[in-house]
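Subject: Structure handover and notes

Dear colleague,

I am passing on to you the structure that we spoke about, together with my notes on it. Please look through the sequence and the model before you read on.

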Amino acid sequence: MTASLVRHRRVSRTATTTTATPGSEKPGTDKNRGIGSRVVQFFVRFIASTVMVAAIATFLFLAVGPRILGYQTSTMLTGSMSPLINPGDVVVTVPVAVKDLKVGDIITYHIPVEDQRVETHRIIDLAVNSQGTATVRTKGDANNGADPWTATLAGGQVDRQVFTIPYLGNAIRALRDPIVLKVLMYGAPAALVVMLLVSIWRKKPEADDAAVDAGAAERALPAFDRRPLKRLAREMKSKEAAEKFAAAYARLLPQRVDKISHALSTGNSDLAMDAVLSLKTSSSMVGALRMEQHCVRLERALVMTDHSAAVQAGEEVRQHQPQLEKALGGHTARRAA
């Protein structure tokens with residue numbers, strides 16, 4: 001999503017020189033200027049406070065709330081559930097027992113085919129056996145037909161939609177735009193400092209960003225860490241399902257890397273962004289931490305429309321692929337043993 005930057009034109013004022021006579025200035029001029037300055041300061045403080053409160057509320061809702069209250073949030077990327085859930089809406093779900101499901105419920109689950117991505121669709125057919133395992137078929141409200149698979153919900157629970165927050169996902173993506181991010185992070189504090197402390201702002205955000213990027217580049221991450229996969233097994237309540245996810249990830253890794261390379265070589269930034277976001281998410285879930293780090297660099301370069309940096313990051317993804325495949329192969333061998 002590209003954020004629009006509204007540039008306000010400066011209004012040039014031509015000073016008119018006049019000869020002032022004693023007593024010609026109005027006594028209320030200084031007072032009026034003081035009131036105007038206080039009004040401007042009030043609005044600057046109000047805007048800065050509003051942005052800060054909104055940022056804190058969003059952080060609490062997305063990061064703290066799920067850990068304390070147990071709900072989950074996800075951003076809808078497609079229009080398959082329109083008009084109820086549109087692209088950019090945030091879907092809030094809570095875990096419920098599969099025996100409590102009914103036809104018509106909207107659930108968020110891992111599809112049993114391809115890369116086992118997360119899908120949010122409506123149940124159109126449901127069967128629950130005596131062991132508490134549910135078999136469902138789903139469909140997107142805007143799709144012409146049902147999803148071409150039957151999913152088995154093992155583990156006794158599944159995430160069910162409780163409500164949707166329109167446009168919040170778009171707002172989050174907009175806030176990640178470098179221009180908007182810098183305006184929010186540095187513009188409001190800079191305005192407050194200029195109004196209250198008069199020209200003492202000396203911070204150089206570019207240098208700070210470069211230091212952060214350098215620190216991230218120096219931080220060595222393992223090619224494969226088993227802890228995220230164990231965490232995935234706990235969340236799915238099935239070690240076998242998590243291992244199948246890892247196997248599918250390893251099997252699809254070459255073609256997903258090829259897709260990124262092809263998109264970059266043809267200059268298709270949208271296709272490259274879709275591919276790298278998918279690889280980044282699945283890498284995080286399976287524990288391919290260094291691949292996730294390379295994907296983050298590539299995503300940042302695509303957002304900044306820096307083609308040379310994107311190509312370099314894409315090459316890092318490709319160069320890391322054999323090492324990651326070796327690490328994943330070692331994990332598979334140890335599991336088989």
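Predicted model: local features only at pLDDT ≥ 70, side-chain atom pairs only at ≥ 80, totals over all residues.

Residues are numbered from 1 along each chain as its sequence is written, and side-chain values use heavy atoms, with hydrogens and water left out.

The sheet

Helices (H or I, at least four residues) and strands (E, at least two) are DSSP runs, numbered from the N terminus, and two strands are said to pair if DSSP finds at least two bridges between them. With these terms, 7 strands form an open sheet in the order 1-2-7-3-4-5-6, with antiparallel pairing. Strand 1 (72-75) and strand 6 (151-153) stand at the edges and have a single partner strand each, so one side of each is left without a neighbour in the sheet. From one strand to the next, the twist averages 50°, where axes are lines fitted to C-alpha atoms (for helices over the stretch in contact) and angles run from 0 to 180 degrees between N-to-C directions.

Salt bridges

A salt bridge here is a side-chain nitrogen of Lys or Arg within 4 Å of a carboxyl oxygen of Asp or Glu, and a search of the whole structure finds 12 of them. In one of these, Asp-105 meets Arg-160, with the closest N and O atoms 3.2 Å apart. Asp-105 lies in the loop between strand 2 and strand 3 and Arg-160 in strand 7, so the pair ties together parts that are 55 residues apart in sequence. Asp-105 is buried, at a relative accessible area of 9%, whereas Arg-160 is partly exposed, at 21%. Lys-102, Asp-105 and Arg-160 are linked in a network of salt bridges.

The side chains of Lys-280 and Glu-299 also meet in a salt bridge (2.7 Å, N to O). This pair links distant parts of the chain, with Lys-280 in helix 7 (residues 269-286) and Glu-299 in helix 8 (residues 289-303), 19 residues apart. Lys-280 counts as buried at 19% relative accessibility, and Glu-299 is buried with a relative accessible area of 15%.

Which residues of helix 5 (residues 226-236) are buried? They are Pro-228, Leu-229, Leu-232, Ala-233 and Met-236. Seen down the axis of helix 5, these buried residues fall within an arc of 145°, so they line one face of the helix; the arc is that of the directions from the helix axis to the C-beta atoms. On the other side of helix 5, Arg-227, Lys-230 and Arg-234 are exposed.

A nonpolar patch on the surface is formed by Ile-35, Val-39, Phe-42, Phe-43, Phe-46 and Ile-47, which together have about 590 Å² of accessible area. Patches are made of residues with over 30% relative accessible area and no salt bridge, where like charges are joined within 9 Å and nonpolar side chains (Val, Leu, Ile, Met, Phe, Trp, Tyr) within 5 Å; the areas come from the Shrake-Rupley method with a 1.4 Å probe, and for residues only the protein chains shown count as cover. Phe-42 lies in helix 1 (residues 29-69).

Backbone details

A cis peptide bond, with omega about 5°, joins Ser-82 and Pro-83, and Pro-83 lies in the loop between strand 1 and strand 2. Gln-116 is not a glycine, yet has a positive phi of about 55°.

Technical notes. Buried < 20%, exposed > 50% of the residue type's maximum accessible area, 1.4 Å probe, protein only.
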